[in-house]
Amino acid sequence: MLGVTSPEMVAAVSNAGGLGSLPVGGLAPAQTSELIRKTKTLTNKPFAVNLFANAAPISDNKAIEDMKRFLIELCLQNNLITEKQNLSKLTFYSYLDQIQILLDENIPVISFTFGIIEDSVIKAFKEKGAVLIGTATSRKEAVLLADKGIDVVTAQGIEAGGHRGTFLENEPLPTVGAMSLVPLIAESIKQPVLAAGGIHDGKSIRAAFMLGAQGVQVGSGFIASNESLASESYKTRLRNAAETETILTKSFSGRWARGIRNKFIEEVEKSGLAIPAYPIQTTLTGPIRSLAKEQDNPEFMVLWAGQSSAKAEAKPVAEIMAQLIKQTEEID
């Protein structure tokens with residue numbers, strides 16, 4: 001949960017008996033190193049680092065210029081004073097820029113999404129003894145990950161908040177719910193499966209185990225926590241969101257992601273404009289998202305959230321973890 005997860009959150013999950021996950025997708029190598037080292041000062045337990053394995057986007061100059069003009073006008077209409085974006089001066093970091101740092105830091109678990117890391121990278125991590133976790137939103141993606149020798153596969157159901165891990169191109173977006181996807185993947189590969197999407201309490205965790213998962217991945221349940229970097233209005237919207245308020249959108253980033261509908265999403269959709277590919281759109285919307293977060297304005301900030309996000313609680317991570325474990329253990 002890039003932008004929401006802090007080193008404190010990661011460490012708290014690991015200290016409580018889970019596997020905290022530090023997101024560094026698209027970050028500069030120096031920032032990646034800084035976050036890893038900060039997390040290490042807060043826990044002596046293992047934690048994972050999450051990478052974005054997407055390929056470089058194909059630029060559509062017309063779509064980019066049209067979107068830039070639209071966003072400038074949208075900001076003027078809503079009194080949002082932001083800096084003009086100059087894409088030629090921006091650097092897009094690939095996961096390949098971060099690999100040596102993860103190897104040097106001896107990260108024990110590497111997870112990735114938006115694609116499959118290169119064979120040479122898989123080999124390098126395996127030689128270090130690292131466990132690799134890939135993300136699949138369909139059976140076909142899971143089998144491809146398994147065939148590459150990835151150790152664990154996360155089955156991301158359509159309920160999950162944030163970006164879809166989908167990576168197969170020229171195919172319809174998989175919209176399979178976790179209840180169907182988890183057993184389908186568990187029956188199709190030999191590797192352990194983690195369930196993601198709709199996991200928020202002991203019952204949902206037990207249900208995932210019954211469906212064939214050997215672990216679960218919780219996201220939205222930690223967004224309202226004390227250690228979360230989410231703004232107060234984000235946390236409030238999250239905890240009060242009806243199950244019908246989250247939608248799939250490309251408006252903020254150029255990749256399909258689930259979040260709570262707000263004015264920004266509505267205006268981009270209403271414009272009818274082609275949305276530039278990820279991470280170009282993420283870069284274009286960056287100043288708006290940053291300013292909205294600074295102003296605590298939920299109508300123009302990213303509000304990634306899963307379908308069970310209203311179950312999130314404003315508590316320390318340690319208490320959330322203890323509650324999840326207790327609820328799960330109490331179910332026979």
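Predicted model: local features only at pLDDT ≥ 70, side-chain atom pairs only at ≥ 80, totals over all residues.
Which residue in E3 is the bridge partner of Leu-51?

Seven strands make up an open sheet with parallel pairing, and their order is E1-E2-E3-E4-E5-E7-E8. At its edges sit strand E1 (21-23) and strand E8 (215-217), each of which pairs on one side only. On average, neighbouring strands here are turned by 25° against each other, direction ignored. Now look at strand E2 (residues 48-52): five bridges join E2 to E3, and the two run parallel. This brings us back to the opening question, as the bridge partner of Leu-51 in E3 is Phe-112.

What lies over them? After H6 comes Gly-149, which has a positive phi, near 85°.

Our last stop is a pair of helices. Two packed helices are described by the angle between their axes and the distance between the axes. For helix H8 (residues 202-210) and helix H12 (residues 317-330), the angle is about 60° and the axes are 8 Å apart, which means that H8 is oblique to H12. The crossing of these two, H8 and H12, is right-handed. At the contact, Gly-202, Ile-205, Arg-206 and Phe-209 of H8 meet Leu-324, Gln-327, Thr-328 and Glu-329 of H12.

Conventions. Residues numbered from 1 in each chain as written. Heavy atoms only, no water. Helix = DSSP H or I, 4+ residues; strand = E, 2+ residues; numbered from the N terminus. Pairing = 2+ DSSP bridges. Axes fitted to C-alpha atoms, helices over the stretch in contact; angles between N-to-C directions. Parallel < 35°, antiparallel > 145°, perpendicular 65-115°, else oblique. Left-handed = near helix turned anticlockwise from the far one by under 90°. Contact = heavy atoms within 4.5 Å.
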